[in-house]
Amino acid sequence: MELRQALKEQYHAGLAMLAECVEKCPEELWLAGEHPRTFWRIVGHTVYFTHNYMVQNEAAFNASVADWPLPVRTALGVSDTRKAIDVEPYELPEGVTPLTRQEVLAYVVYVRSLIDATVDSLDLESAETGFSWYQNMTKLSHELMNLRHLQGHVGQLSELLMSKGIDTSWIARPGRPE
């Protein structure tokens, strides 16, 4: 199997598992948890950084914001997204409204629509990640790390659901729960 195809399959499968966690999450769990570990924020953080690190570099991600579909930009509010999800050290600014399931699912659908073309365009042989805060790492290693990040949070969310008696599927490849 070709490497790019394998990366595409795993991004699709991981985001499908993330979407399932969102869909199965009961209302009382969506907002539950100690900040910054609320269910909605873990999901938002996960899809945002999957999207961010899936592209070649910081500039490509920042340039892509204008291309996001209007419903996604409106739901996430671009600057609001960074406030709600991309804050260090995970401090929630005042006045940030939690993302809804529909908003997050719209973002997941959008990111999934980018996977194939984005992975095809990556310079996987680059010695640089394209992100200033990740030094001494190749782009291929960075993509694999991104998949580990995605799946790590999917595991975290699945465990939260399982503690409420809600089971989730393991998806090895898109369209094939196993």
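This is a predicted model: local features need pLDDT of at least 70, side-chain atom pairs count only at pLDDT 80 or more; totals for chains, interfaces and linings use all residues.
# Exercises on the packing of helix H1

H1 and helix H3 (residues 39–54) pack with their axes 11 Å apart, at an angle of about 160 degrees.

**Exercise 1.** Determine how H1 is oriented relative to H3, and describe the contact.

*Solution.* 
Step 1. The angle between H1 and H3 is about 160 degrees.
Step 2. Angles over 145 degrees count as roughly antiparallel.
Step 3. H1 is therefore roughly antiparallel to H3.
Step 4. The crossing of H1 past H3 is left-handed.
Step 5. From H1, the contact draws on Tyr11, Leu15, Leu18, Cys21 and Val22; from H3, on Phe39, Val43, Thr46, Val47, Thr50 and Met54.
Step 6. By class, the residues of this contact of H1 with H3 comprise 9 nonpolar, 2 polar and no charged.

**Exercise 2.** Carry out the analysis for H1 and helix H8 (residues 139–162).

*Solution.* 
Step 1. The axes of helix H1 (residues 3–24) and H8 come within 10 Å and cross at roughly 25 degrees.
Step 2. Angles under 35 degrees count as roughly parallel.
Step 3. H1 and H8 are therefore roughly parallel to each other.
Step 4. H1 passes H8 in a crossing that is left-handed.
Step 5. On the H1 side, the residues that meet H8 include Leu3, Leu7, Gln10, Tyr11 and Gly14. Their counterparts in H8 include Leu140, Glu143, Leu144, Asn146 and Leu147.
Step 6. The contact of H1 with H8 is made up of 14 nonpolar, 5 polar and 2 charged residues.

**Exercise 3.** Is Leu3 buried, partly exposed or exposed, and which residues does Leu3 touch beyond four places in sequence?

*Solution.* 
Step 1. Leu3 lies in helix H1.
Step 2. The relative accessible area of Leu3 is 40%.
Step 3. Buried means under 20% and exposed means over 50%, with partly exposed in between. Leu3 is therefore partly exposed.
Step 4. Setting aside residues up to four places away in sequence, Leu3 touches Leu124 and Leu140.
Step 5. Leu3 and Leu124 are 121 residues apart in sequence, while their C-alpha atoms are 9.6 Å apart in space.

**Exercise 4.** State what pLDDT the protein averages, and where pLDDT stays under 50.

*Solution.* 
Step 1. The average pLDDT of the protein is 83.
Step 2. Of the residues, 80% score at least 70.
Step 3. Over residues 80–92, pLDDT stays under 50.
Step 4. For residues 80–92 the model has 30 contacts beyond four places in sequence.

Definitions and conventions:
Residues are numbered from 1 along each chain as its sequence is written. Side-chain values use heavy atoms; hydrogens and water are left out. Axes are lines fitted to C-alpha atoms, for helices over the stretch in contact, and angles run from 0 to 180 degrees between N-to-C directions. Helices (H or I, at least four residues) and strands (E, at least two) are DSSP runs, numbered from the N terminus. Angles under 35 degrees count as roughly parallel, over 145 as roughly antiparallel, 65 to 115 as roughly perpendicular and the rest as oblique. A crossing is left-handed if the near helix is turned anticlockwise from the far one by less than a right angle, and right-handed if clockwise. Contact means heavy atoms within 4.5 Å. Ala, Val, Leu, Ile, Met, Phe, Trp, Tyr, Cys and Pro count as nonpolar, Asp, Glu, Lys and Arg as charged, and the others, Gly among them, as polar. Buried means under 20% relative accessible area, exposed over 50%, partly exposed in between (1.4 Å probe, protein chains only). pLDDT is the predictor's confidence in each residue, from 0 to 100.
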